Amino acid sequence: MPVRLGELLLKENMVTPQQLQDALNHQKMNGGKLGKAFVSLGFVKDEEITSLLSRQYGVPSINLDHFEVDPAIIKIIPAETARKYQVLPLSRSGATLTIAMADPTNVFAMDDIKFMTGYNVEPVVASETTLEEAIDHYYGSMRSLELRRDPAMAGGLTPVGGDALKDAMDAPALTMDDMAGIGGLSEIDLDSMSEADADVEEVRQDEDEIDLGMLSKSADAAPVVKLTNVLLVDSLKRGASDIHIEPYEKEFRVRFRIDGVLYNVMALPMKLKDPLISRIKIMAKLDIAEKRLPQDGRIKIKMKVENRSRDLDFRVSSLPTLWGEKIVMRLLDKSKLMLDMTKLGFEPHSLERFKSAIGKPYGIVLVTGPTGSGKTNTLYSAIASLNKPDTNIMTAEDPVEFNLPGINQCQIRENIGLNFASVLRSFLRQDPNIILVGEIRDYETAEIAVKAALTGHLVLSTLHTNDAPSTVSRMVNMGIEPFLVGTAVNLIQAQRLIRRVCKGCKTEDDVPAKTLIDIGFEPDQVETFKVYKGKGCGACNGTGYKGRIGLYEVMEITEGIRDLIMVGATAIEIKRKALEEGMLTLRQSGLEKIKAGTTTIEEVLRETVL
């Protein structure tokens, strides 16, 4: 349930303040959602919460005990997603999918399901108990099968020893039907797998049979090998971070992402499509026969460039598209990893705040921003500065981008159940001082991170939000109580990457004073500095930009901001208070870079808002 449920129940006189406190304590001790705590303690009934939420948010309610769902509708949402978000698909009308959920305000769940299924999502409210029972009924009960396999765990209180061990030994073995129900020993979801296969077959009905021998032979042909090597070397020489190899109906193109912007670099003959893609998949140790499912791999090579031997690491992702597989290779060049925080682009005051936060013995430091905004580099810089022989640093990453000596790095593997939450739980039994969590994606991970921070660990992690103040709302929407957010979090930092003006062709730019005032400069500042841009030269491939620098919005959780978080203040109120206390916004950080002649007005406008 969202955090406001307690307030709603109080407002409707359905619970007393003491009962609310008891429920919060129960939730703190046992985990789970606040609504379940109220029901467990007998303060309210499931139906009463459902009816209240239905009235409050104007969403219809449903009793799932009296509703039968078509199995074809159930297949639209995979079992894993249904359990993760506690949702059940009910019906489909045109492009609209109706789903039952206990929390109709969980926009993240609805967005994920909309993206995954391609349908518009309409929620209806159902009670938590009936929803859990319905999910078990339609998707099969995972828990009951686990208990049959390990009865010693069934009661939770059975002592480990003679009787428990004997019961476990005498338990019936799992049948083939049981294994199908839980996805077999390798935890493969047979239902969602067959559904994915069916979808792919439907799109590509006329696909020719794959001749593995021919594919392997063509992939090893000299021109294809040479072309692949040219692409890898050229990307390195141009300073590209990603290589995109994209097949279309009548075009086969290659693009490089350089300093955050994609550029067309090559148009290849269509006959090279299958051989080139197969060559890259062989190098990345991927299955060249599997063209219907996304795959991820890695290419590690030693390359001689300009008489210098370089160890290069490419992260490879293949994705089936309408006209073939699209390949994206991310170059993980250790020589470009900037571990000196003073060179990342922090303003002095912001850097001081960030260093102070990571220097504390416990608490959470969050770095937010979209993909490709340099969050990983910032976190690696932080842990590199904290990496000492007397400190145990553990990281959970998806994927591990760079190997850092002296730091225990763990690779997330969702396909075998090794997710952020399970790794984080294990970390707490490994006597860590500092924990880095690649990303907080769900309530479970957020909850464990908060508990770790409150029990004497420094936790560094990332979130996807637009700015620092809105991160608080995101965590509360995930289900973390505001008082826990306020207590656990030390600092929130939002960041972006913008391109630097090329030093080789840097020239003064004549910008009207009104334009500078419109983008955020004070009138008395306008005459105190010069604005620069790049004309374009050979060093920057005619773009006028060379390299990138960060914009940083560093919000320290001071006593004043903590008080606002505790009372459920909005992101706007938190931002106002942070600005009063000296926080620089992303736009203000960008203006400082313009004043210093580091970047252009266009770059700052592209990545920030007033």
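Student: Leaving aside its neighbours within four places in sequence, which residues is M555 in contact with?

Tutor: M555 touches A468, P469, V472, L491, I492, I561, I574, A578 and M583, with neighbours within four places in sequence left aside. Keep in mind that this is a predicted model.

Student: Which residues have the most contacts inside the largest nonpolar core?

Tutor: That core has 56 residues, and those with the most contacts inside it are I364, V485, I492, L516, M555 and I594. Helix α19, residues 443-454, gives the most to this core, with 6 residues. I492 is also one of the contacts of M555 listed above.

Student: Now the sheets. What is the order of the strands in the open sheet of 3 strands?

Tutor: The general idea comes first: strands of a sheet pair through backbone hydrogen bonds, either parallel or antiparallel. In this case the order is β1-β2-β3, and the pairing is mixed. The edge strands, β1 (87-93) and β3 (120-125), each pair on one side only. Neighbouring strands of this sheet are turned by 30° against each other on average, direction ignored.

Student: How many bridges join β2 to β3?

Tutor: There are 6 bridges between β2 (residues 96-101) and β3, and these strands run parallel.

Student: Do β5 and β6 pair in the parallel or the antiparallel sense?

Tutor: Antiparallel: β5 (residues 252-258) and β6 (residues 261-268) pair over 7 bridges. V254 has M266 in β6 as its bridge partner. The two strands form a hairpin with 2 residues between them, and D259 in the turn has a positive phi of about 50°.

Student: Is K285 buried or exposed, and is D431 buried or exposed?

Tutor: K285 is exposed, because its relative accessible area is 75% and the cut-off for exposed is over 50%. D431 also counts as exposed, at 63% relative accessibility.

Student: Which residues does a cis peptide bond join?

Tutor: The cis bond joins D398 and P399, with omega about 0°. P399 is placed in the loop between β11 (393-397) and β12 (408-411).

Methods:
Residues numbered from 1 in each chain as written. Predicted model: local features only at pLDDT ≥ 70, side-chain atom pairs only at ≥ 80, totals over all residues. Heavy atoms only, no water. Helix = DSSP H or I, 4+ residues; strand = E, 2+ residues; numbered from the N terminus. Buried < 20%, exposed > 50% of the residue type's maximum accessible area, 1.4 Å probe, protein only. Pairing = 2+ DSSP bridges. Core = buried A, V, L, I, M, F, W, Y, C linked by side-chain atoms within 4.5 Å. Contact = heavy atoms within 4.5 Å. Axes fitted to C-alpha atoms, helices over the stretch in contact; angles between N-to-C directions.
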